[in-house]
Amino acid sequence: MIGRAGLARLPDEVLGLIEDFARRVALAVLSARRYALQANISRILQRGLLPREEVAVPGLDTALVYEPAGEGTWAGGDFYDLLRLPDGRWRFALGDVCGSGPEAAVVTGLARPVLRLLAREGYSVPETLDRLNREVGEQARFLSVVYGELAFRDGLVDCTLTCAGHPLPLVRDASGTVRPAARPQLLLGVEQETAYESQSCTLHPGDTLLCVTDGVTERRRGRQLFDDGDGLAALFADCAGLDATGTAERLRRAVYAFAPDLPADDLAMLVLRSPAPDEAPASG
């Protein structure tokens, strides 16, 4: 209308339409700029809150799935970590901050450095969570985590685990039998004087340890959850013969296929498999 020849002036109704259209375009451009800024902040936070190094443990077949929910959202509340100690032991963590947005990111940014510092200072697995629990409580937030230590000896892997308010870690042995690897304990941040305990298990060749966040177990389809009736354990048992990457991918696809909509919660899982003697350890 603006470019038409032969018009002495624009009719008032046309002028009003053009002004309204221009306002809508301006608002759309402003919203797009704000969205791009938030997405960029989220990416920067994600890089700062997660390990920079490759997620792999020498001697183990390792796989990780980490997918924050949504597009361009703030850094996810789920986090993971793998840390090698000077004596050859390894510490690992998979956690989930209750809530979302920058408030949850503050706790995520606190948890991993505290876990690393205390591990390097020689604190045991439960002692480390005792101290992290007090720090989280001061932030008036809650944090669920499965935290453990791996020690290698004569082809075996000794695991020391503590599960605080988190989906229980599972172990599948070479025969396909699945069992919990730890007992449930209180969510971090609920009671500052809680004394956490650890449980132990040993990974033999062919055994696999699986840790997930509730984005897996609580994936919803109507009133049904993915882990109803021990659904996760049943699917994990059906992954016999798969390496860590294959196990993680089968579980990931099953979570997505469980419901027609995209996951509304962050999705994270860590798979650690002790390879059989005739296998070469792989990492993914």
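The largest cavity holds about 40 Å³ of space. A cavity here is a set of points on a 1 Å grid over the protein atoms alone where a 1.4 Å probe fits but cannot get out; points are joined across faces, edges and corners, and the volume is the space filled by probe spheres set on them. The model is predicted, so local features need pLDDT of at least 70 and side-chain atom pairs pLDDT 80 or more, while totals for chains, interfaces and linings use all residues. Residues are numbered from 1 along each chain as its sequence is written, and side-chain values use heavy atoms, without hydrogens and water.

The count is 1 cavity of 30 Å³ or more. Residues with an atom within 4 Å of a point count as lining; among those of the largest cavity are Asp81, Arg91, Phe92 and Tyr147. Strand S2 (78-84), strand S3 (90-97) and helix H2 (101-120) each give two or more residues to this lining. Helices (H or I, at least four residues) and strands (E, at least two) are DSSP runs, numbered from the N terminus.

An open sheet of 5 strands runs in the order S1-S13-S10-S6-S7 with antiparallel pairing. Two strands pair if DSSP finds at least two bridges between them. S10 and S13 pair over 5 bridges, and Cys211 stands opposite Leu270 in S13.

| Edge strand | Residues |
|---|---|
| S1 | 61-67 |
| S7 | 178-180 |

Each edge strand pairs on one side only.

How values were computed. On a 1 Å grid over the protein atoms alone, a cavity is a set of points where a 1.4 Å probe fits but cannot get out, and a pocket is an open set with protein on both sides within 12 Å along at least five of seven lines; lining residues have an atom within 4 Å of a point.
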